[in-house]
Amino acid sequence: MPKLPLPPLPPAFRPRPTRPGQGNGQVSPLDAAAEAGISAVDWIDERTSLSGAGRWLMFRKVPKGTNWFYTLGSATLFAFLNQAVTGVFLAMYYDPSPTRAYESARYITNEAFLGEFVRGMHKWGSTVMVILIFLHMGRVFFFGAYKYPRELNWVIGVTLLILTFVMALTGYLLPFDQRSFWATVVANNITASGPLVGPYLGDFLRAGPEFGATTLSRFYAIHMLLLPGAIFALIGAHLYLVTKLGTTAPPWLRAEVDNDLVEERA
């Protein structure tokens with residue numbers, strides 16, 4: 001029985017003609033694979049126009065004097081991504097119930113494959129993230145990057161700082177041992193002692209008037225669902241404004257004066 005011919009490839013997936021003098025008309029498998037990848041990327045870009053957004057995000061003017069202090073924001077973002085990735089793996093084994101939480105944390109540390117390593121990265125990554133976000137905001141403050149027209153970006157950064165603290169507080173209870181339990185009780189009592197909204201916020205975090213079985217579930221839901229979504233959205237808005245408005249030059253640099261313009265003004 002004769003074989004049916006293969007269906008024709010779309011023009012976007014057809015190999016491009018080789019350049020004159022390249023390979024003597026023969027295409028190696030590596031070149032064919034590279035050409036197929038380029039064609040696939042071009043096919044996706046033709047339908048999504050992501051290359052324009054990529055050029056707008058990556059290729060922009062950077063002020064003179066930019067130094068390593070400007071990488072603190074990117075370092076904080078990397079620390080958050082580390083928390084997100086390791087948190088997903090920890091959630092695969094963690095059981096947010098008062099009777100199983102401690103045992104599941106012990107299983108992750110002592111028996112799960114690379115569990116101690118992943119939990120250590122998550123535990124110390126939270127400390128690193130808090131330190132980095134403080135350094136980043138200190139750099140923004142002392143460099144005057146919170147002034148016009150970047151006030152909204154400063155407000156978003158302060159909100160991200162508060163959410164980072166809440167993230168650390170809600171995650172501290174999850175091992176549900178004696179230290180984390182009583183430390184969270186103290187922190188919640190301090191929160192509940194605040195004026196006006198303090199008592200309501202304390203009841204919300206406890207999921208009731210006292211610490212109970214639902215408190216751990218409330219902290220877990222806030223830590224795993226509510227806060228990561230809010231932080232992701234605010235980081236997206238933060239990066240958009242940074243790209244749109246640009247970064248500020250260090251305060252010790254001054255704009256160069258054009259002598260020709262000074263003479264014309266005179």
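Arg100 is partly exposed, at a relative accessible area of 43%, where buried stands for under 20%, exposed for over 50% and partly exposed for values in between, computed with a 1.4 Å probe on protein chains only. The structure is a predicted model, in which local features require pLDDT of at least 70 and side-chain atom pairs pLDDT 80 or more, whereas totals for chains, interfaces and linings use all residues. Residues are numbered from 1 along each chain as its sequence is written, and side-chain values rest on heavy atoms, with hydrogens and water left out.

The protein contains 10 helices and 0 strands, both assigned as DSSP runs numbered from the N terminus (helices H or I, at least four residues; strands E, at least two). From the N terminus on, the order of elements is accordingly α-α-α-α-α-α-α-α-α-α. Of its 266 residues, 27% count as buried. The accessible surface amounts to about 18800 Å², and 68% of this belongs to carbon and sulfur atoms; areas were computed by the Shrake-Rupley method with a 1.4 Å probe, and for residues only the protein chains shown count as cover. Contacts were defined by heavy atoms within 4.5 Å. Among those between residues at least 6 apart in sequence, 71% join residues at least 24 apart.

Across the whole structure, 5 salt bridges were found, the criterion being a side-chain nitrogen of Lys or Arg within 4 Å of a carboxyl oxygen of Asp or Glu. Arg100 takes part in one of them, with Asp95, the closest N and O atoms being 4.0 Å apart. Asp95 is likewise partly exposed, at 29% relative accessible area. Another salt bridge joins the side chains of Arg47 and Glu46, at 3.6 Å from N to O; Glu46 is exposed, with a relative accessible area of 61%.

In a further salt bridge, the side chains of Glu103 and Arg106 meet at 2.6 Å from N to O. Both residues belong to helix α4 (residues 101-110), and because they are 3 residues apart, about one helical turn separates them. Glu103 is partly exposed at 30% relative accessibility, as is Arg106 at 29%. Salt bridges with shared partners connect Glu103, Arg106 and Glu111 into one network.

Aromatic pairs number 14, a pair being rings of Phe, Tyr or Trp (its six-membered ring) with centres within 6.5 Å; planes under 30 degrees apart count as stacked, over 60 as edge-to-face and the rest as tilted. Phe69 and Phe143 form an edge-to-face pair, with ring centres 6.2 Å apart and planes at 65°. Phe69 lies in the loop between α2 (50-58) and α3 (72-91) and Phe143 in the loop between α5 (115-142) and α6 (151-172), so the pair ties together parts that are 74 residues apart in sequence. Phe69 is partly exposed at 46% relative accessibility, whereas Phe143 is buried at 12%.

The pair of Phe181 and Phe211 is also edge-to-face, its ring centres lying 5.6 Å apart and its planes at 65°. This pair links distant parts of the chain, 30 residues apart: Phe181 is in helix α7 (residues 178-192) and Phe211 in the loop between α8 (198-206) and α9 (213-245). Phe181 is partly exposed, with a relative accessible area of 22%.

The charged end of Arg139 sits over the ring of Tyr70, 4.4 Å from its centre, the criterion being NZ of Lys or CZ of Arg within 6 Å of the ring centre and within 35 degrees of the ring normal. Arg218 likewise lies over the face of Phe204, at 5.0 Å from the ring centre.
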